[in-house]
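The following exercises ask the student to read a protein model step by step. Each task is followed by a worked solution.

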Protein chains: 2
Amino acid sequence: MPPRLRSLIYPDWIRECRGASLRDDLLAGVITAVLLVPQGMALAMLAGLPPVLGLYAGILPPLFYALLGSSRALAVGPVSVAAVLVASALGNLGYVPGDPAWIQGAVTLATLSMIILLTMAALQLGALVNYLSHPVLAGFTSGAAVVIIMSQVPQLTGIELPRDAALPGQVLALAANPDQLRLPVVVTGGAVLLCLLLARGPLTRVLQRLGLGEERGRLASRCMPLLIILAATGVAALLALESRGVPVVGEIPTGLPRPSLEFLVLKDWRDLLPAALVISIIGYVESVSVARVLAWRRRQRIDPNRELLALGAANAGAAFSGTLPVAGGFARSVVNFEAGARTQLAGIITASLVALTALLLTPLFHTLPLPALAALIIVAVLPLIDIHTFRSAWRYDRADGLAMAITFLGVVLVDIELGLLAGLCLSVIALLWRTSHPHVAIVGRVPGTSYYRNVERQEVDTWPNLLLLRIDESLYFANSAYIEQVVGNTVAERPAVRHVVLICTAVNHIDHSALETLHGMTENLREAGVTLHLAAVKGPVLDRLQASGLLDALGDGQVFFNTEQAVLTLGQDRTKAPDATTDTASGENRKP
Amino acid sequence: MPPRLRSLIYPDWIRECRGASLRDDLLAGVITAVLLVPQGMALAMLAGLPPVLGLYAGILPPLFYALLGSSRALAVGPVSVAAVLVASALGNLGYVPGDPAWIQGAVTLATLSMIILLTMAALQLGALVNYLSHPVLAGFTSGAAVVIIMSQVPQLTGIELPRDAALPGQVLALAANPDQLRLPVVVTGGAVLLCLLLARGPLTRVLQRLGLGEERGRLASRCMPLLIILAATGVAALLALESRGVPVVGEIPTGLPRPSLEFLVLKDWRDLLPAALVISIIGYVESVSVARVLAWRRRQRIDPNRELLALGAANAGAAFSGTLPVAGGFARSVVNFEAGARTQLAGIITASLVALTALLLTPLFHTLPLPALAALIIVAVLPLIDIHTFRSAWRYDRADGLAMAITFLGVVLVDIELGLLAGLCLSVIALLWRTSHPHVAIVGRVPGTSYYRNVERQEVDTWPNLLLLRIDESLYFANSAYIEQVVGNTVAERPAVRHVVLICTAVNHIDHSALETLHGMTENLREAGVTLHLAAVKGPVLDRLQASGLLDALGDGQVFFNTEQAVLTLGQDRTKAPDATTDTASGENRKP
């Protein structure tokens with residue numbers, strides 16, 4: 001049996017499931033399930049779907065992923081960014097939440113994600129994820145978190161907000177209708193929000209101080225969201241909150257997802273395709289990022305193309321179960337890892353427990369108040385608002401900070417997908433801008449050495465007939481004209497110059513535009529009585545230049561092994577020479 | 001008076017107009033006018049406009065350019081690429097050639113070009129032109145030349161072609177209607193075409209051999225197009241070709257352009273804006289390219305922002321005269337330069353002669369056959385088909401060759417503007433692709449030296465606890481994940497490694513995405529018991545890293561001045577050591 005096929009049927013990690021590893025996986029699987037059950041229901045509602053579909057998204061998808069994925073700890077299931085993208089895409093296309101067409105649309109998005117990810121896997125496009133800049137991604141997830149929080153405001157206050165308005169419109173609508181505020185809703189949501197926030201940080205520290213130990217204290221605090229949700233449900237039943245105007249989840253059908261091939265109908269797939277592309281790619285990027293971080297810590301490897309395959313299969317599971325697109329969740333995967341997950345057995349245990357919940361325990365959640373779920377979502381997405389990265393990016397590099405800010409503002413103020421697109425364009429423009437004005441230094445020899453340094457920074461020897469220019473960038477279309485201009489202006493200012501040497505230590509590549517510019521520069525300099533030379537050209541670059549005929553076109557111009565050789569051959573009448581060595585011309589220059 | 005203002009009223013070059021320079025300018029101005037008169041009429045017809053508008057485009061625009069431009073030899077006026085773009089844009093929007101609305105559309109395009117170029121001048125965007133890759137530009141002009149030639153086929157054959165069809169449709173229409181072929185039209189066009197082709201190369205050589213001298217022979221051949229056109233006009237009058245079905249230019253109104261402010265109406269400007277953007281930018285790129293080449297040869301300078309201003313003014317002149325957008329023509333500028341133009345006085349002389357022609361001589365062209373003008377255009381655009389660049393780009397770099405081919409095919413087969421857009425996107429993707437898989441070499445020390453070379457290329461000393469990685473590219477979002485993966489995989493394969501040193505000699509920039517990756521890598525390596533170090537980091541990069549806090553985050557990791565210092569400090573138990581030196585640890589490492 002070929003190894004690739006065998007690994008599909010009998011994954012590598014199965015051999016490792018014994019002893020301590022088995023116990024660790026069991027514990028991690030339970031902890032993750034405890035987190036996933038309320039979150040799954042909340043995420044389904046965020047996507048405008050019945051809560052039970054959130055549970056379904058936590059059953060087949062992680063099972064399918066466990067069989068194929070290369071990450072040991074990635075927790076696959078419903079995620080917040082995909083959920084809000086589903087809601088935004090379907091809302092933009094005029095679907096109405098609650099309609100059967102809305103659910104069908106979500107399933108179509110899952111099916112399209114499956115097709116997109118499997119196609120990318122077949123084309124081995126795993127490396128594509130690398131083309132997204134971190135600040136743009138951080139701006140996108142921060143903006144998505146703000147959009148998610150705003151989408152939960154009606155649930156938390158009772159005030160209806162226009163679904164299709166941008167943020168300023170929603171804030172105005174909020175301010176204009178204080179009379180719609182319903183006190184029982186606000187109190188329920190507010191109380192749950194407060195409990196969840198306390199359970200995150202302060203409670204962990206209290207538990208740890210009470211002698212539970214760091215590890216156990218953290219694990220105990222992981223279980224708090226479920227306990228708080230169960231408590232809220234109990235209180236709501238006792239106080240009959242539903243009759244006081246607090247909306248509750250209501251009846252959740254008991255049972256497992258009924259597998260169906262209906263998802264293959266793919267109604268409206270053309271309209272949904274752009275949204276499905278964004279959902280798949282962002283979901284894939286999120287999954288691979290966290291998988292990579294976790295794999296690093298144990299010196300394991302992630303195969304990006306294998307991840308495409310496994311996530312495609314997970315989305316097949318989602319579509320097959322009639323639910324929304326899934327991905328590897330960042331926060332849940334970290335919890336899974338820190339709870340001790342060693343292999344995908346943990347994922348299988350999580351899936352089994354979620355299935356058990358869907359089968360038997362959904363009646364427990366009948367009086368679960370919707371404001372409590374809204375509070376759960378808000379607490380879950382708060383860490384996505386990444387002010388730290390913005391501050392650090394802005395301080396480190398204005399262009400990166402700007403790209404992040406514009407992505408964030410675009411997502412929040414205009415449209416979640418257009419904002420991402422704007423950020424991506426901006427990051428490419430910033431790249432072109434940055435490399436289009438490379439640092440070009442006129443250098444001279446540090447007296448008594450063979451080191452060459454910028455004439456503006458150090459006292460160095462120079463030669464009036466010789467111009468030494470060091471170019472600190474690869475030469476390509478966006479900077480070749482700039483470099484031509486710099487060389488032209490510098491030569492025009494120095495009528496005595498007869499030789500120009502371009503020092504190429506930092507030139508990793510020369511594209512065809514730059515090659516043509518070099519040809520033109522050679523010829524133009526020759527017409528002006530100046531010879532162009534190159535020095536310290538890297539091997540692969542030199543090979544290409546040779547094949548292209550540029551070296552022949554240089555005429556009297558030479559390619560020197562290093563700057564020193566160029567100076568020994570071409571320099572005359574050194575100026576500024578405090579402690580001179582003789583300027584004997586050497587014949588050791590190389591012209592390949 | 002501030003110098004900027006004075007130079008607007010009293011250009012620098014006026015001082016130089018005396019003696020030999022004055023004579024040279026006079027001759028060049030005459031030669032260029034002789035070329036411009038028939039070409040201008042032909043280009044106007046290419047744009048679907050009355051021939052006299054081509055003459056008008058050669059009067060005010062070069063005068064305005066002469067007062068403001070920084071190039072001494074650029075010949076501004078109607079150009080073929082702008083003319084075909086005008087025809088394509090107006091045709092796409094449903095205008096009909098011959099309608100007054102068509103002319104109005106062309107004038108609106110000139111006005112929009114003026115606004116775009118002046119806005120770019122105000123924003124100092126002159127350097128934007130550098131972001132166009134040469135192969136994409138060459139693909140675009142080659143494709144435009146093919147589109148222009150196909151557009152002249154009906155004039156040369158009498159066969160009507162569908163205006164809105166792409167090339168294959170036009171070729172099919174040509175093949176399907178051989179019965180429409182009109183012999184007198186074909187003979188006229190063919191004869192003129194042959195004469196023009198002969199006059200280009202062979203005649204020059206004959207004249208030179210007859211003792212005219214190289215210089216005079218070339219100048220004489222420059223006058224041939226006008227003579228051939230005049231001869232064709234005379235023959236057409238003698239043989240009454242018009243009555244035999246050969247269309248002629250007909251009556252051309254005598255007189256100068258009547259300046260009018262009607263162009264400010266700007267009807268349909270929203271629809272025409274994309275085309276105007278392409279016309280302005282391509283026209284600007286063409287102008288600056290040729291201006292730069294010519295300035296180089298005399299060690300003069302071109303100020304890109306000044307060129308934007310001057311070309312904006314030239315288009316104001318075009319709009320004011322009620323004609324099509326203008327630019328600096330490549331071929332005509334070279335003729336002007338080679339004929340001896342020293343200053344813009346040559347341009348003013350050309351403009352005056354064209355004005356004189358429009359005022360007095362247009363009746364001469366009454367019986368000028370349209371097939372002759374079509375032949376003139378074809379001969380003028382033939383050199384734009386740049387097979388040489390394609391061959392050289394393809395040989396030098398597949399990605400550049402592909403970008404050029406796709407731009408060419410897009411322009412010819414799909415749409416002239418979409419083709420350009422596709423090429424531009426492709427050149428950016430190729431850039432990302434190229435820099436996203438940088439060369440990362442594991443290096444070791446060449447025995448007995450302090451040189452470090454790739455372990456796969458040379459027999460070198462290595463140290464089992466020490467991994468030396470040289471990265472041959474700036475670190476940024478498109479390659480940071482790749483590098484992280486390479487480092488991760490390399491470390492995973494070498495369990496003995498305790499120190500990783502990244503050698504940064506070729507790293508010119510580290511963006512924020514890469515900074516975060518370095519932070520993550522440091523932490524992940526530490527969890528795996530490995531320390532990350534840097535070596536040979538460039539000054540500006542190091543300053544930024546220090547400010548960002550990365551150097552503190554390295555923990556035990558250090559920044560070494562060069563690779564040798566890293567090895568002296570960290571290396572233990574060297575392997576492969578034919579002629580060893582001792583491995584004493586040195587304390588000279590630098591941690592700024």
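## Exercise 1: The interface between the chains

In this predicted model, 47 residues of chain B are in contact with 47 residues of chain A.

**Task.** Determine which elements of chain B give two or more residues to the side that touches chain A, and which of them gives the most.

**Solution.**

Step 1. The elements that give two or more residues are helix H7 (134-157), helix H12 (269-297), helix H17 (387-396), helix H19 (416-436), helix H20 (477-493), helix H21 (512-527) and helix H22 (539-548) of chain B.

Step 2. Among these elements, H20(B) gives the most, with eight residues.

Step 3. By residue type, this side of chain B divides into 20 nonpolar, 15 polar and 12 charged residues.

## Exercise 2: The relation between the copies

**Task.** State what rotation superposes chain B on chain A, and which residue of chain B comes closest to the rotation axis.

**Solution.**

Step 1. Chain B is superposed on chain A by a rotation of 179° with 0.0 Å of shift along the axis, and the RMSD is 0.1 Å.

Step 2. The two copies are thus related as by a two-fold rotation axis.

Step 3. The residue of chain B that comes closest to this axis is B:Ala506, whose C-alpha lies at 2.4 Å.

Step 4. Of the interface residues of chain B, 100% are also interface residues in chain A, so the copies meet through the same surface.

## Exercise 3: The sheet of chain B

**Task.** Give the order of the strands in the open sheet of chain B, and identify which strands lie at its edges.

**Solution.**

Step 1. The open sheet has six strands in the order E4-E3-E5-E6-E7-E8 (chain B), and the pairing is mixed.

Step 2. The edge strands are strand E4 (452-454) and E8 of chain B, since each pairs on one side only.

Step 3. H20(B) packs on the sheet, where it touches strand E3 (440-445), strand E5 (466-471) and strand E6 (499-503) of chain B. The direction of H20(B) makes about 155° with that of E5(B).

Step 4. Strand E7 (residues 531-535) of chain B pairs with E8(B) in the parallel sense over two bridges. B:Ala535 stands opposite B:Phe560 in E8(B).

Step 5. B:Ala535 is also touched by B:Asn562, as is B:Ala536. B:Asn562 is found in the loop between strand E8 (559-560) and helix H24 (563-570) of chain B. With 15 other C-beta atoms within 10 Å, B:Asn562 is partly exposed.

## Exercise 4: Strand E5 of chain A

**Task.** Decide whether strand E5 of chain A is largely enclosed or open, and describe how E5(A) pairs with strand E3 and with strand E6 of chain A.

**Solution.**

Step 1. Five of the six residues of strand E5 (residues 466-471) of chain A are buried, so this strand is largely enclosed by the rest of the structure.

Step 2. In general, strands of a sheet pair through backbone hydrogen bonds, either parallel or antiparallel.

Step 3. Strand E3 (residues 440-445) of chain A pairs with E5(A) in the antiparallel sense over three bridges. A:Arg470 in E5(A) is the bridge partner of A:Ala441.

Step 4. Strand E6 (residues 499-503) of chain A pairs with E5(A) in the parallel sense over five bridges. Here A:Leu469 stands opposite A:Leu502 in E6(A).

Step 5. Together, E5(A), helix H20 (residues 477-493) of chain A and E6(A) make a right-handed β-α-β unit.

## Exercise 5: A covered helix

**Task.** Find how many residues of helix H4 of chain B are buried, and name elements that cover them.

**Solution.**

Step 1. Seven of the nine residues of helix H4 (residues 60-68) of chain B are buried, and the helix is mostly covered.

Step 2. The buried residues are B:Leu60, B:Pro61, B:Pro62, B:Leu63, B:Phe64, B:Tyr65 and B:Ala66.

Step 3. The elements that cover them include strand E1 (76-77), helix H13 (304-320) and helix H15 (345-361) of chain B.

## Exercise 6: Positive phi values

**Task.** Locate B:Gln124 and B:Ala240, and decide whether each is buried or exposed.

**Solution.**

Step 1. Most residues other than glycine have a negative phi.

Step 2. B:Gln124 has a positive phi, near 55°. B:Gln124 lies in the loop between helix H6 (100-122) and H7 of chain B, and is exposed, with 11 other C-beta atoms within 10 Å.

Step 3. B:Ala240 also has a positive phi, near 50°. B:Ala240 is found in the loop between helix H11 (214-238) and H12 of chain B, and counts as exposed with 10 C-beta neighbours inside 10 Å.

Methods
Residues are numbered from 1 along each chain as its sequence is written. Chains are lettered from A and ligands numbered from 1 in the order in which they are written. This is a predicted model: local features need pLDDT of at least 70, side-chain atom pairs count only at pLDDT 80 or more; totals for chains, interfaces and linings use all residues. Two residues are in contact if their C-beta atoms, placed from the backbone, lie within 7 Å. Helices (H or I, at least four residues) and strands (E, at least two) are DSSP runs, numbered from the N terminus. Ala, Val, Leu, Ile, Met, Phe, Trp, Tyr, Cys and Pro count as nonpolar, Asp, Glu, Lys and Arg as charged, and the others, Gly among them, as polar. Copies are superposed by least squares on the C-alpha atoms of residues with pLDDT of at least 70 in both. A residue is buried if 20 or more other C-beta atoms lie within 10 Å of its own, exposed if 12 or fewer, and partly exposed in between; C-beta atoms are placed from the backbone. Two strands pair if DSSP finds at least two bridges between them. Axes are lines fitted to C-alpha atoms, for helices over the stretch in contact, and angles run from 0 to 180 degrees between N-to-C directions. A crossover is right-handed if, with the strands pointing away from the viewer, the path from the first strand over the helix to the second runs clockwise. Lists of a residue's contacts leave out its neighbours within four places in sequence.
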